[in-house]
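Opening the notebook for this one.

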Amino acid sequence: MERKTCDILIVGGGGAAVYAAIHAHDADPSLDIVVASKGLAGKSGCTRMVQGGYNVVLHPDDSFEKHYQDTLRGGALINNQELAWMLVTQAPERIYELENRYGCYFDRHPDGSIHQRALAGQSFNRTVHRGDLTGIELMNRLSEQLLIRKEIRVLHETRGVDLLLDRAGKRVCGAVLLDYQRGELIAVEAKAVLLATGGAAPLYKLTAASLEKSGDGLAMAYRAGAEFVDMEMMQFHPTGLIAGKSVMTGSVLEEGLRGAGGHLLNAEGERYMQRYDPGKMERSTRDRVSRSGFLEIRAGRGSELDGVYLDVRHLGKDFLMKSSPGMYKRCLSVGYDMAKDLIQVTPTAHFQMGGVRIDTQCRSSLEGLYAAGEDAGGVHGANRLGGNGVAESMVFGGIAGDALAAYAAGADRGQYDPERLDAIAARYGRATTGKANPFDLRAQLGEVAWQHLGIIRSAGSLRTSAAEIDRIEGELAQVPVPASLAGNAVLHERMNVGNLIDVARLIHAAAGLRKESRGSHYREDFPEPSDDFLVNIVLQRQENGSLRQAVEPVAFSRLHPRDLEGDTVIPTETAKQPVSSSSEV
Amino acid sequence: MARTERSTVTLVVARTDGAGASRFEVPVPSPHSRVLDLLLHVQRHQDPTLGFRFSCRVGMCGSCAMLVNGKEAFVCDTSVGSLDSGTVELAPLRALPVQQDLKVDMQPFFDAQREAGAAFEPSEADRRDIRSIPPDDARRAAIEAQNGCITCGSCHSASAWTRDGRSRVGPAALNRIYMLSNDERDRLGARRLAVAAGDEGLLHCHAEGDCVSVCPAGVPLKTGLRKLLDMVERGQALDSGK
């Protein structure tokens, strides 16, 4: 096994990871920073796929209080109030950095001021964007900045395998990585580790996320014994594209299309939202629209390809081409002309709100372990607003980078437990035989999660999923470990499925404890929200493998729910056209 | 575009294991199926050792650029029907070292971006407001027209001058230098033109347009490089300002 040492190890290659690396380096350029990315750093992960934009209070008529209240309302009141406040109040600092320090090009109004639009659940037009391809702009510019900071060591296509802990199991001392191409395990000793690998939406058979993700950071933190919060909260986006048996299926068609007046139809041509939310219809919240679509499909009123129909024909080609050029092109490439055809869409697993429990410095419950982006939980509560996700990645990526640099300046490297390292190495050190196909098991797990751990849950579905997860885990042991680990997709898929199973168990446990429906979590057997469940669900793996479960009242440290009013819809303001946008992509 | 329904196609894939190309018969469920779908089918059901790279699968990350029937393309964004061919030949990008089968090492390409100075350097790093920049401002409009590159390496592979190693500074880097040369927020601005005018720069470009004809992001690279040449010829490379 190869050995490395560094001050800060960052596991991940998307927005939060890259932002953290840049910030940590700039805070102290003498720090030895390693970035290990499962794909190409800056090219993998979901930040790049962001369409909507970045929520930030900039306009004098907007306020932190408004953004904050929108975020808590969207989160159905169980957000970590301190984290949500950090998100809102640090968002402007980051947008100034993105504009002035890293050189992003954001859309402008004709008078030269920055253009902001509104996404669902916002009381003000506060989403900074670049056309409908904001994520590409952010990641292109951040990747440039990573590249010119030559001192940062970037390991492309090198995944996290497991964390290194001290003998007491309380302090993280580094991680074991796997270099995909060389097949080499690398033990990296570090003063501190940041997990920013992204969430586990790809657990589900239909997902919008980039497909290399498999909840690696979450699973690593789980196995190391870090605390988790609200793992039952997984957001499903209502309009994932259906492109037959293609990897394109599940990718998101932005909700601006519904905000602008798009209709959702079932196979009978009915605007079925009138039966679920007659007031807001298609502009209702993501969770409600997703659930309604799922129920229509389940009731046999779905489309030919097990979806529903999105109808935007009446919006006209000119409008569609101008407001959603990226989406127009994407649909055309799979055979739908948005201006002429009904588009088959399905709910799709989109974003994991739950994650590693962190404080406002991105510290986990284990010393030396930090989490940011989708690996961290609590910012968004039970549901994330459009535009708050990429803001979270940038804000908390930056906070993590600063905090890691400060910590690394004053800390030594811990002494890792060699037995733990040996155990990790032993898992992959010897070739085994077996006939199981990890890709088949992945497909089975995706189906189980979709049917039983997904948009609609119940005591019965949770029982079924537990048994199925056990069975799949048993079969996973029959996937052979190859003699050569180099460039081996079977081994990686085995590791992916193993990680997804760990995350699925956390989702399962939390969903069982939350006997109500709130935000993205819906229990058919407890279909209403309950004030008894203004709680956070905390899970932590114990050394003996059992799961500590705690139900803690939400700390209303800044705002009590009685002081919140109003409801959330997609504003029609979304229909406003961007002033200048990328027309080429 | 002709779209012929086919139930299977033959993939002919360049391999690095020394045995030459592999052939795979792969089902095509729909003419909209992506070439990436076919590769995944091979990996999952026929040969898990096949090496290729992808991530976002919707044309946004640029990880899966390779040669499809001899031309640079994203396999996630190329439908089988659009190729209208019963045989699909796949090979890795040119001009970059091959790692495994269809995967190349992108690092030399990234290094070339860095060495060419194709990255923003702030003039006012700590500024805490957003500059007013009207979209019809001539320089901003020039930038907007050229933005959208996702550094996939396709142009680097297609252009004769980078492909045959005459220069490491290819169309992607020069296009970015053009953008930055027009960027009022950039500390170096037009001083970056020195790279464009230098030994590894524009002089190798013969405006053949190979870069723009393959760009999966549709960036008008040829236009950008011509405008960059105009700036160089007007002597703006010699100005210390912008």
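My entries follow, one topic at a time.

**Before starting.** I'm working with a predicted model, so I read everything below as coming from a prediction.

**Entry 1: a helix pair in chain A.** I looked up how α13 (residues 438–452) of chain A sits against α15 (residues 489–513) of chain A. The angle between them is about 20 degrees, and their axes are 9 Å apart. Angles under 35 degrees count as roughly parallel, so α13(A) and α15(A) get that label. I also checked the hand of the crossing of α13(A) and α15(A), and it is left-handed.

Which residues make the contact? From α13(A) I noted P438(A), F439(A), L441(A), R442(A), L445(A) and A449(A). The α15(A) side brings V490(A), E493(A), R494(A), N496(A), V497(A), L500(A), I501(A) and A504(A). Sorted by class, the contact of α13(A) with α15(A) comes to ten nonpolar, one polar and three charged residues.

**Entry 2: a sheet in chain A.** Next I traced an open sheet of five strands in chain A, with parallel pairing and the order β7-β3-β2-β11-β18. Which strands sit at the edges? They are β7 (153–155) and β18 (369–371) of chain A, each with pairing on one side only. From one strand to the next, the twist averages 20 degrees.

I then went to the β18(A) end. Strand β11 (residues 192–195) of chain A runs parallel to β18(A), and three bridges join the two. In that pairing I found V193(A) opposite L369(A) of β18(A). Helix α1 (residues 15–27) of chain A packs on this sheet and touches β2 (8–11), β3 (33–36) and β11 of chain A. Its direction makes about 175 degrees with that of β3(A).

**Entry 3: chain B overall.** I counted ten helices and seven strands in chain B. Along the principal axes, its C-alpha atoms fill a box of roughly 60 × 35 × 35 Å. Of the 242 residues in chain B, 52% are buried. For contacts in chain B with a separation of 6 or more, 65% link residues 24 or more positions apart.

Note on methods:
Residues numbered from 1 in each chain as written. Chains lettered and ligands numbered in written order. Predicted model: local features only at pLDDT ≥ 70, side-chain atom pairs only at ≥ 80, totals over all residues. Axes fitted to C-alpha atoms, helices over the stretch in contact; angles between N-to-C directions. Helix = DSSP H or I, 4+ residues; strand = E, 2+ residues; numbered from the N terminus. Parallel < 35°, antiparallel > 145°, perpendicular 65-115°, else oblique. Left-handed = near helix turned anticlockwise from the far one by under 90°. Contact = placed C-beta atoms within 7 Å. Nonpolar A, V, L, I, M, F, W, Y, C, P; charged D, E, K, R; others polar. Pairing = 2+ DSSP bridges. Buried ≥ 20, exposed ≤ 12 C-beta atoms within 10 Å, placed from the backbone.
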